[in-house]
Amino acid sequence: MSAVPQGSITGTFDSRAGLSNGLMLVDRAIGASVEACAALLVAAEIVVLFAGVVSRYVFHSPILWTDELGSFLFLWLAMLGAAVAFRNGSHMRMTAVVSLSGPQLWPLFESVALAASLAFILMTLGPALEFAHEEIVITTPALQISSAWRASALPVGLGLMLITGVISMLRSPSRMASMVAILVVALVAGAFYSSSGTLPKLGNYNLLLFFVGLVGALVLAGVPIAFAFGLATFGYIALTTRLPTLVVIGRMDEGMSHLILLAVPLFVFLGLLIEMTGMARAMVGFLANLLGHVRGGLSYVLVGAMYLMSGISGSKAADMAAVAPVLFPEMRSRGAKDGELVALLSATGAQTETIPPSIVLITIGSVTGVSISALFTGGMLPGAVLGVMLCLLVWWRYRREDLSAVTRPARKEILRSLGFALPALALPFVIRAAVVEGVATATEVSTIGIFYAVIIGLLFYRQFPLARMYPMLVTTAALSGAILLIIGAATGMAWALTQSGFSATLAATFKSLPGGAPTFLIVSAIAFIVLGSVLEGIPAIVLFGPLMFPIARQVGVHEVHYAMVVILSMGIGLFAPPFGVGYYSACAISQIHPDAGIKPIGGYIVAMLVGLAFVIAIPWISIGFL
């Protein structure tokens, strides 16, 4: 038995520690630089779009290049934001199945998700560089600069994600899990590649293999949804068709570059801003004084506050984060159980999906061509119908609540809280009026809301901590990048499905259903409840919206009515356990274990389904005010 040389093991550990520290420094430097650039781009978008509104409406001298510059910067914001989200691990994914595997297998699933994401990045990096190179010959009409500067955001963003992903893999505390994950992904990729000669002969069965089997396996394994869509689409195009994979990059760019999607980061930022300035707390305080003394009063306040907040921020996560911390302590003191609280919060998240300026409304308008203004008008009443259903259930559940320890606020106190909340309550009407009166487009109106919130926060509420501005800009960029990468990947996947002839087959199937429009609406509702639960909300709409809306028109369903049915159905699936990602977001924001809300939420889901049935049966609810 030979002796181990003294210091050899120590030297090995020192070298590993030195490598890990070096990688950590590189990762931090890259992360800080990318976050700073992304935050700067969010601020620049706000300034550019607001300048366009002021020049056009105040000075009657439109700046012709604001939309072009905004679109130019937007792709960079999307890709750098996606890189920030990738580094922070905040891309949207479904972890319900992974969480059941137990802590021993979590590192393996996490490593598989990372390895699969890196495989997607490696597959797309070359075509992205080629796409940027081809854009050199295209010159923008107003700014007269090469479009390659804009398209370069794609390879740069992918390259940054590749670097941070490799560093994360190398710094993984479980090297065995990383090695096994790389081997698994390599074997699966090799199996698909070795079958490239056989796959084209399968015809449309490839749709099941790639877009059901592969996507389903990746999503259930915890791979971020955008990367799951991207891998399936690239695999399908590369292995079953003769099309160059470059076309997928082009479709992703097209999906992420819709001018209307500029509103996504701006409304996300607005949602964070109204929480920071105290506007959300003022609204909730007024509603609590108005209704808090009746049985179930604070639950009514929660429903009403989420309805109002959705008309301001456009982001469900921002809505829940602003409302829950204000109401939950008092609701607990009155005896409300944690499960009941998170169940109602999740239900209100689903109920308010149609309230303008919802990001889902903006997304569905961008991918289907439905008028954003019409969607904003049509979305108010369907959300109110579901809210009434929730309130009826609240009345039933709390009809025997003991309020002996609750004092009713004096009328003077209610009026004082109303006066304090009035500037905040006016914001939804300011946003809607700006769109309806033509002051700003649906894209630009968020900037009006942002500057309104800044002025009210500084002058009226006098709550504007500047130290929070930079983290808010970074958070906005990361969340927006995650959303927009999903939209880009889902656009590419939807295009591949259309090219395969699937959309024509789907249209023929739905048109052959007995019962006409009512049957079509019911089947669509069921389908989007399932899709919303499994695929998250926005991916489901981007993927199937362009396929389903033309069919709706052919069977005689008004596009705005259909949009409301689809969005509400998707919202119910999104916030329904055990798979709904929105439900787990509500649990995380409330700091309540998911198991607590599983039983109480059942009644709220039934109430929402009843409300959805009313919306399906009575088209006037959606289109009566158009």
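Salt bridges. I counted salt bridges under the rule that a side-chain nitrogen of Lys or Arg lies within 4 Å of a carboxyl oxygen of Asp or Glu, and the count came to 10. The model is a predicted one, in which local features need pLDDT of at least 70 and side-chain atom pairs count only at pLDDT 80 or more, whereas totals for chains, interfaces and linings use all residues. Residues are numbered from 1 along each chain as its sequence is written, and side-chain values use heavy atoms, with hydrogens and water left out.

I looked up aspartate 253 and arginine 150, whose side chains meet in a salt bridge at 2.9 Å, N to O. Aspartate 253 lies in helix H10 (residues 246-256) and arginine 150 in helix H5 (residues 148-151), so this pair ties together parts that are 103 residues apart in sequence; for helices I take DSSP runs of H or I with at least four residues, numbered from the N terminus. Aspartate 253 and arginine 150 are both buried, where buried means under 20% relative accessible area, exposed over 50% and partly exposed in between, with a 1.4 Å probe and protein chains only.

Next I took arginine 468 and glutamate 275, which form a salt bridge at 2.8 Å, N to O. Arginine 468 lies in the loop between helix H20 (445-461) and helix H21 (469-499), and glutamate 275 in helix H11 (residues 263-276), so the pair ties together parts that are 193 residues apart in sequence. I noted arginine 468 as partly exposed, with a relative accessible area of 34%, and glutamate 275 as partly exposed at 32%.

For glutamate 559 and arginine 553 I read 3.0 Å between the closest N and O atoms of their salt bridge; glutamate 559 is partly exposed at 26% relative accessibility, and arginine 553 is partly exposed at 39%. I also found Asp27, Glu35 and Arg87 linked in a network of salt bridges.

Aromatic rings. I paired rings of Phe, Tyr and Trp (its six-membered ring) if their centres lie within 6.5 Å, with planes under 30 degrees apart counted as stacked, over 60 as edge-to-face and the rest as tilted; the count came to 14 aromatic pairs. Phenylalanine 86 and phenylalanine 227 form a tilted pair, 5.6 Å centre to centre with 55 degrees between the planes. Phenylalanine 86 lies in helix H2 (residues 66-88) and phenylalanine 227 in helix H9 (residues 225-240), so the pair ties together parts that are 141 residues apart in sequence. Both phenylalanine 86 and phenylalanine 227 are buried.

I then checked phenylalanine 549 and tyrosine 562, whose ring centres are 5.0 Å apart and whose planes stand at 75 degrees, so the pair is edge-to-face. Phenylalanine 549 lies in helix H24 (residues 537-554) and tyrosine 562 in helix H25 (residues 559-574), so the pair ties together parts that are 13 residues apart in sequence. Both phenylalanine 549 and tyrosine 562 are buried. I recorded one cluster in which ring pairs link Phe86, Phe120, Phe227 and Phe234.

Helix H14. I compared the C-alpha distance between the ends of H14 (residues 316-333), which is 26 Å, with the 26 Å that its 18 residues should span at 1.5 Å a residue, and the two agree; the expected span is 1.5 Å times one less than the number of residues. Among the buried residues of H14 I noted Lys316, Asp319 and Phe328. H14 is followed by glycine 335, whose phi is positive, near 100 degrees.

Technical notes:
Helices (H or I, at least four residues) and strands (E, at least two) are DSSP runs, numbered from the N terminus.
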